[in-house]
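This briefing sets out selected structural features for computational work. The notes are grouped by topic and are to be read alongside the structure below.

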Amino acid sequence: MKSSSLSLIAGTVALAAVTGFAALAAPGDTSAAEPKAATRLPVERSSLLCPAPGRSDLAETTYTAYTPAADVGGGGAGTAELTASTAATADGTTGGTGKGDGGKEEDKKKDDKDDGKGDRKKDSPKPVLSLKEPGKPVTAEVSGADAPALVGTATGRLAPGWAAQQTTVVEAGARGLLGVSCTSPGADFWFPAVSTAKSREDYVHLTNPDDTAAVADIELYGPDGSLKSDVGEGITVPARSGVRVLISTLTSEAVEDVTAHVTTRTGRVGAAVRTADDTTGSDWLAASVSPNGTLVLPGIPADATSVRLVAFAPGDDDADLKVQLLSPGGPISPVGNESLHVKSRMTAGVDLKDVTRGEPGSLLLSPTKGGEGTPVVAALRVVRGKGAGREAGYIPAAGPVGAQATATDNRAKGSTLSLTAPGATGTVKVIASAGSKGGEQVVKTYTVKGGTTLAVTPPVPSGLKGGYALTVRTESGGPVHAARTLSLPQDGVQMFTVQTLSDDRGTVAVPDAVQDLSVLDD
């Protein structure tokens with residue numbers, strides 16, 4: 001074989017690894033090669049970021065991490081670790097402490113505000129969570145207000161589908177069951193349903209996974225458009241650090257329904273909003289799916305006493321939306337709220353009250369005139385209970401489960417899985433993993449009729465000890481959207497939190513290289 005042929009093959013393989021596109025053809029052959037179907041391969045690296053859990057000394061936080069057992073594994077044995085970040089405030093000054101797995105405090109009072117660079121090798125924080133094998137979750141617990149944000153990376157066979165969640169219980173003050181799925185870093189996040197009202201205390205949490213500083217902007221939009229702010233621009237998030245920003249300090253206007261838009265000028269961050277209300281407790285609000293003409297907000301509890309929809313149209317056009325509740329029996333149009341008009345770059349809110357009427361459901365927003373419609377983002381504020389026992393949670397618009405999606409931190413009791421098929425009937429496989437301390441995997445299949453929501457008590461691992469993960473995989477039919485509700489009622493308060501499940505992007509499509517062996521001459 002000639003050396004030129006070897007070089008050509010090596011270059012082609014490298015190109016395929018980087019771009020996913022490559023082909024070999026005989027010299028002088030000008031005919032186009034027929035494209036072949038893409039092969040889906042497991043990702044070999046994943047990143048997750050978890051915001052700092054809270055500000056209460058009474059907070060008890062559980063972290064859970066998990067990678068589903070795959071039919072085909074990733075490359076190598078791999079690692080998956082979440083470690084403590086350096087705490088930081090909105091001015092970019094780092095400081096504070098993080099607790100490792102053994103509870104030992106690690107002083108990280110390093111000032112990264114100059115350029116966000118630090119000697120991270122010397123820090124070498126001990127992992128808070130370290131996953132050893134696919135198919136079995138690991139957990140860790142921390143207490144108090146000093147629990148840090150977490151940053152982490154999974155590689156090899158632990159990377160595809162790697163998922164983590166933090167769940168915090170606060171029994172007094174801004175009480176609540178606060179749950180949030182740890183997110184991948186990005187540069188663009190939308191948060192409808194935040195507020196600058198005097199009864200609310202909402203914080204945007206930004207976490208930087210990289211070794212250089214990130215710079216972020218936060219824009220706020222109310223019912224009348226942009227809320228004036230000079231302090232939401234150029235927020236420095238130091239390297240491998242977390243920053244929290246009190247939304248009400250970004251503007252002098254007190255507004256009930258606000259949309260926050262987080263973007264980065266440089267670098268990447270993970271973003272989530274920690275909400276708190278004087279009367280309905282606190283929870284996390286995850287980012288809405290990217291702007292789209294049709295949105296699904298899955299997993300409204302059957303006993304919801306109040307549901308408020310908040311939507312925002314980021315483009316130049318107004319949006320006219322049809323509002324439907326996908327109930328167990330089919331689509332229902334809420335009386336008096338069959339449609340919603342959302343003006344360009346203005347936030348619209350509507351009180352749907354007890355729209356579920358004792359049945360679980362999901363909300364479907366679609367263009368009133370059909371077609372693709374005007375892109376919007378949306379979220380729900382859901383209240384359970386009455387009087388002093390009220391508790392609020394949030395449901396952002398979410399994408400379908402796709403090939404696979406996972407919710408970690410499930411308990412023997414208290415989990416509800418909501419499955420919604422907004423179009424055609426879909427069938428999914430639900431896998432209850434082995435327990436973190438023992439138990440055997442259980443698998444069950446569900447078929448969701450088109451236009452309905454199916455709420456089930458999910459399968460529980462046999463002989464369960466500890467917590468477990470739920471993985472939902474699409475088997476056939478139309479797209480299915482999903483959400484997991486975790487409930488821990490205490491002293492008459494319906495404490496709960498809802499996490500949506502969207503495709504974990506555990507695989508990537510790589511088109512097969514086209515190879516003409518005629519170039520491999522002697």
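In this predicted model, four strands make up an open sheet, arranged in the order β31-β38-β33-β35 with antiparallel pairing. From one strand to the next, the twist averages 25°.

**Pairing within the sheet**
- Strand β33 (residues 426-432) is joined to β35 by seven bridges in the antiparallel sense.
- Opposite G426 stands V448, a residue of β35.

- D257 belongs to the loop between β18 (241-246) and β19 (258-266).
- With a relative accessible area of 9%, D257 is below the 20% cut-off and is therefore classed as buried.
- A polar contact of 2.7 Å links the side chain of D257 to the side chain of R308.
- Leaving aside residues up to four places away in sequence, D257 touches V194, Y221, G222, P223, R308, V310, T347 and G349.

**Positive phi at residues other than glycine**
- A193 is not a glycine, yet its phi is positive, at about 85°.
- This residue, A193, is placed in strand β13 (residues 188-194), and its relative accessible area of 5% makes A193 buried.
- R505, also a residue other than glycine, has a positive phi near 55°.
- The position of R505 is in the loop between β40 (496-501) and β41 (507-511).
- R505 counts as exposed because its relative accessibility is 68%, where the cut-off is over 50%.

How values were computed. Residues are numbered from 1 along each chain as its sequence is written. This is a predicted model: local features need pLDDT of at least 70, side-chain atom pairs count only at pLDDT 80 or more; totals for chains, interfaces and linings use all residues. Side-chain values use heavy atoms; hydrogens and water are left out. Two strands pair if DSSP finds at least two bridges between them. Helices (H or I, at least four residues) and strands (E, at least two) are DSSP runs, numbered from the N terminus. Axes are lines fitted to C-alpha atoms, for helices over the stretch in contact, and angles run from 0 to 180 degrees between N-to-C directions. Buried means under 20% relative accessible area, exposed over 50%, partly exposed in between (1.4 Å probe, protein chains only). A polar contact is a pair of N or O atoms within 3.5 Å; within protein, one must be able to donate a hydrogen and the other to accept it, and residues adjacent in sequence count only if both atoms are side-chain atoms. Contact means heavy atoms within 4.5 Å.
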